[in-house]
Amino acid sequence: MTQKSSKVEKTINLALQGGGAHGAFTWGVLDKLLEDGRIGIDCICATSAGTMNACVLASGMQQGGPEKARESLHNFWWRISEEGKAFKPMKKWALDKYMPWKVPDALNFMVTDFMSRIFSPHQLNPFDINPLRDVLADTVDFEALNNSSDIKLFISTTHVHSGRVRVFNTKDVTLDVAMASACLPLIYKAVSIDDEDYWDGGYVGNPALFPLFYKTDSRDLLIVHINPINRFSTPTTSAEIVSRINEISFNSSLLSEMRAIAFVKKLLEHDMLKDEHKGNFKDILVHSVRADEALKDLSLSSKYSSDWDFLTSLRDKGRAEMSLWLEQNFDAIGVNDSVDLHKTFLNSNTKIFEDENGRHRHENK
């Protein structure tokens, strides 16, 4: 089954961040993108929750095109919600039956967080029970996905021993790879692949973008952010501080790669490369759908919420944000960036100037 249709006018690459349940915002973005139908997908770079969305979308596209992909994404998140009901710590410890009210997700998170800082997953979860694994296995045919040529996947993981990113290509993406990409080491044991251990890819690539420079046809990159880059107040409570540290950590690798993209764009713009090397570089056109406003009031604990009403509210916010983006930026695809890289990602006013001798120099304004 091919993803191409008569409606497709342009093609892009996607970069999908990880962020737990906040990945439902990305679900909404993808749902609107598929519903619109004018944009085809060349490849997807993804990490953690982004990996879940990427694998489910790609598998659905292979099985039945955009509508099947939308259905698969919906069913996947519904299953996550249903499975989540049985795996909340307070319910697991049989305390719910003594409480006539609903146990808040924040309380479940506090219990899990406290226990994970005292006991390792090898002690708390010796059998490595993870309901996400069963849901994903039921949703995605990984063997068929490995042989698909519709959408190229680049899935980021963290190699535990070296601390480096490892990116798995479509033909190598298995259930274990997907689970490794989303493996939070304080909750689950490291995932072993070919006798090497891996953790969540977000620590070193959220997601890794470098495959886009060499292995894709489209030069347009749409990044779907679910980890806010900017905050306009300094956190003061312990929970707020931990949440902000989490956001900064999980954005750091992405910002580093954006700096590299901006540098290459400068080299190309100012013709600073020798002719024999120009073919090795691509002028990436960067676009961005951000959840900063939609998620600004959500706590770190909400990343662990599986309530269906909460997930669908994030989906609807993602759909609304993507609808606005399409209205404002569709014409920019294939033509130019729709974001200012320095202002949006780098907070830099560094410019390149040519001096009186024709040499290029950098200057901060």
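Predicted model: local features only at pLDDT ≥ 70, side-chain atom pairs only at ≥ 80, totals over all residues.
Student: Which residue caps the N-terminal end of H10?
Tutor: Thr237 does. One of its side-chain oxygens lies 3.1 Å from the backbone nitrogen of Glu240. That is a polar contact: a pair of N or O atoms within 3.5 Å, where within protein one must be able to donate a hydrogen and the other to accept it, and residues adjacent in sequence count only if both atoms are side-chain atoms.

Student: What span should it have, and what does the model give?
Tutor: At 1.5 Å a residue, H10 should span 46 Å, and its end C-alpha atoms are 45 Å apart, so the two agree. The expected span is 1.5 Å times one less than the number of residues.

Student: Where does H10 bend?
Tutor: At Ser252, by about 40°. The bend is the angle between axes fitted to the seven residues ending there and the seven starting there.

Student: What follows H10?
Tutor: Asp271, with a positive phi near 50°.

Student: Where else is phi positive in a residue other than glycine?
Tutor: Ser48 has phi near 55°, and Asp195 has phi near 65°. Most residues other than glycine have a negative phi, and most peptide bonds are trans.

Student: Are those two buried or exposed?
Tutor: Ser48 is buried, at 9% relative accessible area, while Asp195 is exposed at 73%. Buried means under 20%, exposed over 50%, partly exposed in between (1.4 Å probe, protein chains only). Ser48 is in the loop between strand S2 (39-46) and H2. Asp195 is in the loop between strand S5 (191-193) and S6.

Student: Where is there a cis peptide bond?
Tutor: Between Asn206 and Pro207, with omega about -10°. Pro207 is in the loop between S6 and helix H9 (211-214).

Student: New topic. How many aromatic pairs are there?
Tutor: Seven. Rings of Phe, Tyr and Trp (its six-membered ring) pair if their centres lie within 6.5 Å; planes under 30 degrees apart are stacked, over 60 edge-to-face, the rest tilted. Take Trp27 and Trp77: their ring centres are 6.1 Å apart and their planes at 5°, so the pair is stacked. Trp27 is in helix H1 (residues 23-36) and Trp77 in helix H2 (residues 49-86), 50 residues apart. Both are buried.

Student: What about Phe168 and Tyr198?
Tutor: Their ring centres are 5.8 Å apart and their planes at 75°, so that pair is edge-to-face. Phe168 lies in strand S4 (residues 165-169) and Tyr198 in strand S6 (residues 196-200), so the pair ties together parts 30 residues apart in sequence.

Student: Which rings link into a cluster?
Tutor: Those of Trp27, Phe76, Trp77, Trp78 and Trp308.

Student: And which charged end sits over the ring of Phe330?
Tutor: That of Arg38, 4.0 Å from the ring centre. Lys10 also lies over the face of Phe330, at 4.8 Å. The test is NZ of Lys or CZ of Arg within 6 Å of the ring centre and within 35 degrees of the ring normal.

How values were computed:
Residues numbered from 1 in each chain as written. Heavy atoms only, no water. Helix = DSSP H or I, 4+ residues; strand = E, 2+ residues; numbered from the N terminus.
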